[in-house]
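Hi everyone, thanks for coming. I'd like to walk you through a structure today, so please have a look at it before I start talking.

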Amino acid sequence: MTRARLLQAGTALAVLAAGAGLVRGAPGGGDLFPHAVHERLFPVCESCHAGVFADEPAAAFPQPAHCRHCHDGVRADSVAWTGAAPRVSNLRFSHGQHGRALAAAGEPASCQACHARGGEPARMDVGAATAERCIACHEHSATTHMALPADCSRCHLPLDRVAELSAGRIARFPRPPWHEADDFILTHATTAAPADASCGVCHARQTCERCHANASALAAVMALPQDTRVAQLERGRPAVYPLPAGHAAADWHLAHGTAARAAVGSCANCHTRPSCTACHAGGDGRALALVAQLPPVAPGAAPGVDPARITRGVHGADVRLQHGRLAASGQLDCAQCHARAECSECHAAADSRAFHLPNFVERHAVDVFTGRGECQACHSTDTFCRACHAQAGIASGDMKAAFHDGQPMWVLSHGRAARLGLEACASCHRQSDCVQCHSAAGGWGVNPHGPGFTGRGESRSAASCRLCHLASPPRGSGS
Amino acid sequence: MAGLLLPGVLAAAPLGAQQVRVTGASTMRYIELRPLARDSVAEDQVPGSGLLRQLPDGRTVRCVPGDPFCRYSRPGERVAAVPLLQDLEASAWGLGRGVRGFAHLRMRSALGGSAGIWPQEDDAVELLAAYAELERTRYRIRAGRQWQVSGLGFYNFDGMNAGGEPVARTWVEVYAGRSLVRGMNESRAGGALEAIEEFAPAAHGIIAGAHARYRPATGVALSASYQADFRSDGAGLFAELAALHASWQGGAASVEVAVETDVATLGLNEARVSVHASPRGPVALHGELRRYRPYFELWTIWGAFSPVGFDEARFGATWAASGRRLLFRTDLAHRRYGDAGVANSLDEFRGSGWGVLVGGTWLPAPAWRVDGAYRVEAGFGAARRDGHAGVTRRLGTAGSLSLQALAFQRLYEFRLDEGTVRGVTAELALPLLPRATLFATGAAYRHPAGRSGGVDWNQRRGSLRLQWMLGSEPSLPAWNGGGQ
């Protein structure tokens with residue numbers, strides 16, 4: 001950069017300071033002074049801003065009395081100018097330093113170099129200096145002012161060093177265009193990482209804590225100071241958790257476990273423990289270990305992704321009947337999501353409300369008959385059912401009564417029905433009911449074995465064979 | 001073993017565990033029943049002749065030649081019972097890295113009413129589970145009363161289970177111990193079977209099995225299970241089973257294949273192929289082919305009666321509209337029963353069966369849910385129609401009030417028609433505390449056309465259930481209020 005350009009830049013920034021409220025601190029902000037109207041009155045900028053390059057704030061702007069020389073209400077309307085307010089800026093800038101640098105380079109400082117509003121410098125046609133004017137001379141790592149990979153902190157002070165800035169001023173900071181990208185929230189950590197000091201120019205720790213429940217575990221977040229003004233701005237703003245592309249996959253519920261085990265820290269950026277426990281209610285040790293690595297929900301902290309967004313229909317509508325195979329195949333690890341109490345409530349017949357339909361006791365017969373209920377998955381139908389049927393008076397005990405009254409010749413026709421629905425038979429009848437007739441050793445000697453009966457299985461449990469093929473079944477002694 | 005473990009677990013948990021979670025459920029029911037009673041009438045007072053005759057009042061009686069009385073069943077006196085059920089479940093961890101204790105205890109009692117009409121009412125204390133567990137990243141060991149869930153079903157036993165991940169995506173576990181009667185949590189040689197079965201075995205069961213799962217890729221899972229249950233007296237087997245399962249799930253579709261066999265008899269208990277598809281749009285489809293054969297443990301004689309099953313084809317569809325606020329579903333099934341091999345049967349039964357279900361759910365507002373379904377099933381010797389409609393209002397985040405009306409025609413199971421039962425039920429879920437919820441249900445059934453010789457279903461039922469949980473993070477939620 002040439003000395004002349006340095007001078008021009010310095011001058012421009014001086015005019016910027018004079019013309020823009022940000023620098024000169026004009027009450028109300030903005031360029032309140034109509035420089036063009038006064039073009040002929042003031043031949044040089046220093047007429048009013050003599051102290052700019054001398055770093056003398058008192059002389060950087062004219063005193064109100066100077067204005068009243070003309071604006072006394074007689075010669076000209078009076079003005080309400082009461083003097084320049086103290087300068088409040090987060091710029092790493094000093095007119096004096098720039099002026100001295102330009103002087104050392106042998107180049108005169110020119111206000112118009114930075115503050116001219118047109119393309120060509122014109123005296124008194126000035127306005128606020130733009131950042132583009134700065135980076136026209138100063139080295140900047142990005143093509144435009146707020147583009148990546150700009151290092152904001154090179155020209156701007158972090159918030160904690162500009163305590164004079166109000167929360168309102170901070171709220172009006174311009175938003176960099178790359179913050180508007182659709183995937184900004186999902187990628188801001190990686191894109192901001194090379195210039196994380198830049199974040200501190202506009203943001204404080206509370207900015208991150210609004211969404212990141214794990215903020216205390218993130219070095220980049222903890223590197224940011226806390227700021228009460230930012231806390232004020234963030235208060236009440238909802239946390240935002242966009243859906244990563246991978247999470248939208250139809251089989252994400254199958255794949256997310258592997259991803260979580262690989263980098264649970266990434267999950268913790270958005271998720272708190274309820275994100276897991278909304279589904280993973282099983283208390284399985286491995287799941288618990290992973291869940292414990294996520295931040296809990298704490299008062300005042302980020303809530304994490306709403307669990308209601310996460311829970312989804314992993315199972316089909318007929319899960320009551322399908323879950324056995326899902327469990328068997330290992331496609332889904334049941335214990336990862338379901339508490340064991342959920343199993344035992346049904347499978348141990350404590351209270352069937354979670355599995356069987358309401359009024360199931362009254363309506364269960366058809367499920368047994370069609371084999372749809374898969375009762376045998378949980379119950380020994382020939383014992384569990386009979387215990388209840390006996391107490392209800394349905395099960396046998398007296399075969400003389402007319403229970404099967406739909407078929408007059410039931411005794412002669414029951415064989416086929418028995419083969420087709422033996423589970424139903426066994427849910428009421430004791431074995432001894434059948435052995436009365438179907439025994440080779442007594443009774444009527446009616447052979448109950450069907451075609452293709454090999455006796456292979458029974459031979460591996462000879463005790464059951466002896467029930468019929470010995471004269472005296474050893475009752476209660478190993479049968 | 002389990003009995004010894006339970007006090008240890010419960011006592012040690014609050015003392016030494018860093019964290020313990022205790023859940024409880026106290027349930028009180030009111031039940032009315034009219035158990036069937038056997039009765040008789042003098043044979044000379046019964047008109048007609050033959051084995052089955054009808055009295056003037058419509059009762060069907062059975063008159064066995066030579067018996068001076070004709071016998072029949074009739075509804076007995078109305079009895080009521082108030083069974084009480086208390087479940088306690090404790091899970092304690094932090095006793096050491098990966099060490100956990102778990103116990104599930106159930107206690108039963110009754111308040112007045114008629115004793116003995118509710119199952120297991122006399123089983124005052126039942127220990128469903130009590131085990132100690134050591135779980136590390138690659139393996140897990142459990143000892144005590146526990147249950148094994150696999151493609152073979154749900155089996156309780158007292159013993160050991162050791163599982164591990166020898167290589168990535170693979171889980172293998174082996175287990176052994178004393179087997180328990182399924183659903184009853186008692187040894188086969190205990191009194192539970194003797195009370196209902198004259199030929200109850202005197203031997204305990206020794207169960208041993210292995211289960212392996214392999215997930216070669218996301219969405220693909222394979223598993224194999226083998227389990228044998230030996231008689232402790234060395235007289236053979238109670239059961240020997242094996243199962244193979246495979247499933248694939250890829251985005252909008254899934255396929256499942258399952259085979260379960262009785263190794264002892266080399267019989268096929270069940271084979272099934274299921275396909276689910278949810279293509280883009282509001283319709284989801286599922287289909288299934290299934291072969292089913294009843295299975296009985298080898299200590300019974302039932303298997304020697306050569307039971308036959310059926311082959312079934314099932315197809316269903318679900319249609320969602322209005323952002324899933326309106327959901328219709330339908331399910332069609334056709335079954336073909338096997339040949340019973342009985343040539344001399346005097347009655348001709350159906351050789352096939354079918355079933356139809358149509359239902360729907362409507363969510364008119366976030367807090368409201370309306371649902372209903374109608375189902376017809378017909379089999380070789382039975383049929384039933386069943387319909388219900390209900391409305392549920394969500395109360396807050398965890399509460400709800402549900403009203404339902406239903407009607408069903410009883411399965412007749414080779415009996416004369418028993419008429420239609422109509423009923424209304426109400427269910428209330430009311431969170432009392434963040435971790436305590438009260439559930440209340442009430443039901444009344446009307447059986448106007450019940451015949452005099454059948455089961456009388458006129459009855460009222462009710463229940464109160466308080467569920468609670470004590471524990472701290474990272475403990476997990478207790479019951480979710482049940483239901484799917």
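**A walk through chains A and B**

Let's begin with chain B: of its 484 residues, 43% are buried, meaning that 20 or more other C-beta atoms lie within 10 Å of the residue's own, with C-beta atoms placed from the backbone; 12 or fewer makes a residue exposed, and anything in between is partly exposed. Before I go on, this is a predicted model: local features need pLDDT of at least 70, side-chain atom pairs count only at pLDDT 80 or more, and totals for chains, interfaces and linings use all residues. Residues are numbered from 1 along each chain as its sequence is written, while chains are lettered from A and ligands numbered from 1 in the order in which they are written.

Chain B has 26 strands and 2 helices; these are DSSP runs numbered from the N terminus, H or I of at least four residues for helices and E of at least two for strands.

Next, the core. The largest nonpolar core has 74 residues, and B:Ala129, B:Leu237 and B:Ile301 touch the most other members. By a nonpolar core I mean buried Ala, Val, Leu, Ile, Met, Phe, Trp, Tyr and Cys residues joined through C-beta atoms within 7 Å. There is also a second, separate core of 14 residues, including A:Cys152 and A:Val201.

So what is B:Ile301 in contact with, leaving aside its neighbours within four places in sequence? Among them are A:Cys434, A:Leu467 and A:Cys468, where contact means C-beta atoms, placed from the backbone, within 7 Å.

Over in chain A, A:Cys437 lies in the loop between helix H28 (431-435) and helix H29 (456-459). Is A:Cys437 buried or partly exposed? It's partly exposed, with 13 other C-beta atoms within 10 Å. A:Cys437 and A:Cys468 sit 31 residues apart in sequence, and 9.7 Å apart in space, C-alpha to C-alpha.

Now helix H6 of chain A, residues 95-104: its buried residues are A:His95, A:His98, A:Gly99 and A:Leu102. Seen down the axis of H6(A), they fall within an arc of 100°, so they line one face of the helix; the arc is that of the directions from the helix axis to the C-beta atoms.

Last, confidence. Chain A has a mean pLDDT of 75, and 72% of its residues reach 70 or more; pLDDT is the predictor's confidence in each residue, from 0 to 100. Over residues 1-30 of chain A the pLDDT is below 50. Where pLDDT is low, the predicted coordinates should not be read in detail.

How values were computed. Two residues are in contact if their C-beta atoms, placed from the backbone, lie within 7 Å.
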